[in-house]
Amino acid sequence: SRDAQAGISPARVIEMLATGARRASASLGVELGKLKPGAAADIVITDHQPPTPLNGDNLAAHLIFRVAGRHVRHVLVDGKIRLRDRVAIGVDEAEMQRRASGSAQAMWKRMENIAPG
């Protein structure tokens, strides 16, 4: 955004995500984007150690520019632990990898048929 001079700040990206959560909530009839009883809440716990002070003014930038998949330690989906200490729980990882590989191959094949421009 900065290089393209689009003027989209990290805070604006977070605002856009919140707007998307509100729209999805209305469309799906499920409350998303909030941690409260009755809301559909998925939680990601990271072990990210910020190299600079973390505060309300720079939280969005930390989330966008610093936190990555390698920092994810635990994941809860619909109140159930699905990843604990970076190990998937309740899924066959080899099967998921096989299916993902097949899906990726099919996607690339479809993309080959898309005309440029």
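**Sheet and helix packing in the predicted model**

Strands E3 and E4 are joined by two bridges and pair in the antiparallel sense; pairing here calls for at least two bridges found by DSSP between the two strands. Strands (E, at least two residues) and helices (H or I, at least four) are DSSP runs, numbered from the N terminus. The model is a predicted one, with local features needing pLDDT of at least 70 and side-chain atom pairs counted only at pLDDT 80 or more, while totals for chains, interfaces and linings use all residues. Residues are numbered from 1 along each chain as its sequence is written, and side-chain values use heavy atoms, with hydrogens and water left out.

Stepping back to the whole sheet, four strands line up as E1-E2-E3-E4 in an open, antiparallel arrangement. E1 (42–46) and E4 (87–88) are the edge strands, each with a single partner, so one side of each has no neighbour in the sheet. E1 pairs with E2 over five bridges, again in the antiparallel sense, and Val-44 stands opposite Val-75 in E2.

Moving along, E2 (residues 72–77) and E3 (residues 80–84) run antiparallel and are joined by three bridges. Here Val-75 turns up again, this time opposite Leu-83 in E3, and Leu-76 faces Ile-81 in E3. As for the turn, the hairpin of E2 and E3 has two residues between the strands, with Asp-78 at a positive phi near 55°.

Then there are the helices. Two packed helices are described by the angle between their axes and the distance between the axes. For H1 (residues 10–28) and H2 (residues 59–66), the axes come within 8 Å and cross at roughly 85°. That makes H1 roughly perpendicular to H2. The axes are lines fitted to C-alpha atoms over the stretch in contact, with angles from 0 to 180 degrees between N-to-C directions; under 35 degrees counts as roughly parallel, over 145 as roughly antiparallel, 65 to 115 as roughly perpendicular and the rest as oblique.

On the H1 side, Pro-10, Ala-11, Val-13 and Ile-14 meet Ala-60, Ala-61, Leu-63, Ile-64 and Phe-65 of H2 (contact means heavy atoms within 4.5 Å).
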